[in-house]
Structures are given as structure tokens and as C-alpha cells.
Amino acid sequence: MLIEFLPLLMFLVICLVLMLGYPVAFSLAGTAMLFAGIGISTGHFDASFLSSLSGRLYGTITNVTLIAVPLFVLMGVLLEKSRLAEDLLSNMAALFGRRRGGLGFSVILVGMLLAASTGIVGATVVTMGLMSLPTMLKRGYDPSLATGTICATGTLGQIIPPSIALVLLGDTLSSAYQQAQLDLGVFSPKTLSVGDLFIGALVPGLLLVVLYLLYMGFVAMRQPERAPAATDLDPPPLSALLKGLLPPVALILTVLGSILMGAATPTEAAGVGALGAALMAMAKGQLGFARMGEVARETLKVTSMVFMILIGAAVFSLVFRGFGGDDLIQHFFAQLPGGVITATFIVMLVIFFLGFILDFIEITFVVVPIVGPILLAMGVDPIWLGIMIALNLQTSFLTPPFGFALFYLRGVAPPSVTTADIYRGVAPYIALQLLMLTLLAIWPALATWLPSFVRGQ
């Protein structure tokens, strides 16, 4: 009887190991191989499952879609290291700062652009925290409002395309979608592309930014002492504003536009983005040998982390299936009252809590391949599911006491800002994200209409 629950025990053990602080990739693979060894020695695991491991790993590292990951990382690191984001923030702050809440508006808008260019929550939160938090505090902004705004805008990298999270989710959900259709006897399965997720994320992502701006405007109107006008800032000359604003905006629109119009795949668009960011950094004189070496090392570090976790997750999911874990979960969902609605709610709740201890990469590679095929076989739209997961993780990364974004900002915030300030600040933004999740659950067309329109269906 205990053998039937070995997959769940395996999942609990990996969560415990990760909470102890061991490296994610090696924890996933090591735990899986340990359980496989126990299963083989007791006769409850077929060793032939492991023979397919080399083929799966080779398929992973030769996946054309995943080539977009290092290219998007390179694009974001170039924009960050070349100080383009810093110039953009200073110009936007000077443009809006003389209005109540103006600095807050600037942080949200620049954070949106920075999230679109980097797609990495930690990088965006740390960069915005270093650049904008001292300025906001100096101009009299309430610490909780300032820190909450920076954390919330930093997590937009989960949902604003082109996002690395959406690239990884799109690739994983594509495999899950094909598997679900094959399980249902559909031998000419429909496909899901990363571009579909990018298009589907546009409306929910922009709506979330609008909700953030409305909240900032409401606070500035009702509690002006929390978001005072920066009267010492003079509006920048139009030429300076255009010089700081147009290049990164044009780059992001070019990348997204090429995907939306079908002129390029996400991987090809990522290459265009990386080249454009390099040319912009070169034009600013910020691409010397030393800077390029720094950019290359940072890109290599993030890319290596992603692919090592992907390999560890492939080992984990293979052993999990070898123990019959997918059948166990499928049987559990089939017995639930309420069918697909209850199953989806439980999956979202589990992903939300796992977001406290796992990064989006681990959840994408470990959890989604397990639950994705089951939900998709129950009739859930793959684009809607991907956007819901991305928004759910975004909310999880903001939620005290374990939210990743809170830890990132705490690491760069001055001692005068307390942890309680950060927790209070993110509470209204968590409510806005839960509102967005509810709206998307009630009206799935918010995520599915635009992809259908673009595809002409």
C-alpha cells in the first residue's frame, strides 16, 4: 500500500531537500535517482525507464525553442548593464515627477518595460530597487508604497512578453498538450507555440499594469502625503526624453511585433532583440571588452542554471512517471467532485504554495509536466492555463512571508525600510493580482481571444 504513494513521498522529499538549501538541479536529479535505486532493489521500479533518459536529455538540449532563453537573457543583461534602463527611469521621473504620484507612475511604466526586456523577476526587482527606491524615499514617498510598487512591477516579468517564464511555460505546455491529445486518441494533435502564449499574455499583462496605475492614482488623490509631487524635478527636453525612451521601446516593439505578425519565431525574435540591445549599448559607448565579458558571464550563469534545472527536472519527471505518479494524480482528479473546475482550482492552489519554496523554472519543469496533460485532457485551454499559471506564480512571488520578490528587495533596501513596510506595501498589489486572476477565470477570452484573432480562427 505504501508503494502506491511513493511518487507523493518523492515529491515531499524534494520539497524538504530544497527547503534545506541544496542546489535545485542536483536535488531534483539526486532525489529521483535515489528513489529509482530503492524501487529497482525492491522490484517496484522498472529499470528500463532509465534507458530513455539519454534521449530525453538530448532532445532537451537540442530544443530549438529553448535557444530563445540565452538570447532573451543576453538582451536583458545588455539593457541593464549599458544603463539604458537607468536613463529611461530618470527621464520618465523628470517627466511625471512634478505631479502627485508621478514617481510611482514612472516606476510602474519603466518596470513594465524593464520586465519586458529582462523577463527575470530577481533582476528587475533588484535593478528597480537600486535605481528608484532611494529617489522615492528622498522625495517623501511612504516606504510601504514605494517598496510595494517596486516589488509588484518587478514581478511583471512573469507575464509581460517577451518573458523567459512564458518561453519555458510555452515549451512545457506544448509537450503536455500533445501528450494529452495522444492520450485522448487524437493522432493529428494541434500545436501550441510560445508565440501563442506571448499573444495571450498581452491583454492580461497590460490590464494588470493599468490596475497598478489606477491604484497609484487613487493613493495620490486620496492620500497625497504618501505620494507627494517632486517639485525639484524639471521636465526633460523633448530630445533627451526621446533619446532615452525610443530605443528600448522600439526594440521591445520590434521583438513583439515580429512575433505577432508571424515574421519571426520567438527564437528568431530573441536573436533580433539581443543584436538590437548590443547595438544600442555600443552606440552609448557601453560595450567595451570588460563590459562585454561581464555581460557574457551573467548570461552564461543564468542560462546554465536554467538548463541544469531542466535536466534535473527531466530525470525527476521520468522517475515520477516510472512509479505511476501521473496515473495516481489522474485518478485523484477523476474522483474529485466538480470535475475540471475543482481540479484546476486545486492545481492553482498547489502551484501558489509551491511558489513560496520553488522558483518558476522548477515549477515549470517539475509540476507542469505532471498536471498539465491531465488538465488539458479534461478540456482546459492551453493558452488560458499558461497565463493563469504565470499570473498565479507572480502573485505567489509577492505574498509574505516567503515571496521571492520580497527577499530580493530586502537585500538592496536601506536599513530605514523595515520588512513590515515591504509586507504592507505589497498587500494592495496582491489584491489587484487576485482580482486579475478572478477576471481571467471568469472571462477566459481575456487570454484566448487575441491569439485566435491573430491566427484568423
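The model is predicted, so local features are given at a pLDDT of at least 70 and side-chain atom pairs count only at pLDDT 80 or more, while totals for chains, interfaces and linings use all residues. Residues are numbered from 1 along each chain as its sequence is written, and side-chain values use heavy atoms, with hydrogens and water left out.

Let me begin with the chain as a whole. Its secondary structure comes to 20 helices and zero strands; helices (H or I, at least four residues) and strands (E, at least two) are DSSP runs, numbered from the N terminus. The radius of gyration is 22 Å, close to the 23 Å that the globule rule gives for 457 residues, so the chain is as compact as a globular protein of that length. That radius is taken over C-alpha atoms, and the globule rule is 2.2 Å times the number of residues to the power 0.38. Along the principal axes, the C-alpha atoms fill a box of roughly 75 × 45 × 45 Å.

How much of the chain counts as buried? The figure is 54% of the 457 residues. Here, buried means under 20% relative accessible area, exposed means over 50%, and partly exposed lies in between (1.4 Å probe, protein chains only). The accessible surface comes to about 19100 Å², and 70% of this belongs to carbon and sulfur atoms. Accessible areas come from the Shrake-Rupley method with a 1.4 Å probe; for residues, only the protein chains shown count as cover. As for contacts (heavy atoms within 4.5 Å), residues 24 or more positions apart account for 82% of those with a separation of 6 or more.

I turn now to helix α2, residues 24-42. Among the buried residues of α2 are Leu28, Phe35 and Gly39. Which helices do the buried residues of α2 pack against? They pack against α1, α13 (289-322) and α16 (360-377). Just after α2, Gly43 takes a positive phi of about 80°.

Two further glycines deserve attention. Gly379 is in the loop between α16 and α17 (382-396), and with a relative accessible area of 60% it is exposed. The C-alpha atoms of Gly379 and Ala180 are separated by 9.5 Å, although the two residues are 199 residues apart along the chain. Gly293, in helix α13, counts as partly exposed at 22% relative accessibility. From Gly293 to Gly322 the sequence separation is 29 residues, and the C-alpha to C-alpha distance is 43 Å.

Leu16 is in helix α1, residues 6-19, and is exposed at a relative accessible area of 51%.

Finally, the salt bridges. Side chains of opposite charge can pair when their charged atoms come close. The structure holds four salt bridges, each defined as a side-chain nitrogen of Lys or Arg within 4 Å of a carboxyl oxygen of Asp or Glu.

One of them joins Asp142 and Arg226, whose closest N and O atoms are 3.3 Å apart. Asp142 lies in the loop between α7 (121-138) and α8 (143-154), and Arg226 in the loop between α10 (194-222) and α11 (238-260), so the pair ties together parts that are 84 residues apart in sequence. Asp142 is partly exposed at 24%, whereas Arg226 counts as buried at 19% relative accessibility.

Another pairs Glu294 with Arg291, at 3.8 Å between the closest N and O atoms. Both lie in helix α13, three residues apart, about one turn of the helix. Glu294 is partly exposed at 32%, and Arg291 is partly exposed at 25%.

In helix α19 (residues 419-442), Asp421 and Arg424 are likewise three residues apart, about one helical turn. Their closest N and O atoms are 2.5 Å apart. Is Asp421 buried or exposed? At 10% relative accessibility, Asp421 counts as buried, while Arg424 is exposed at 52%.
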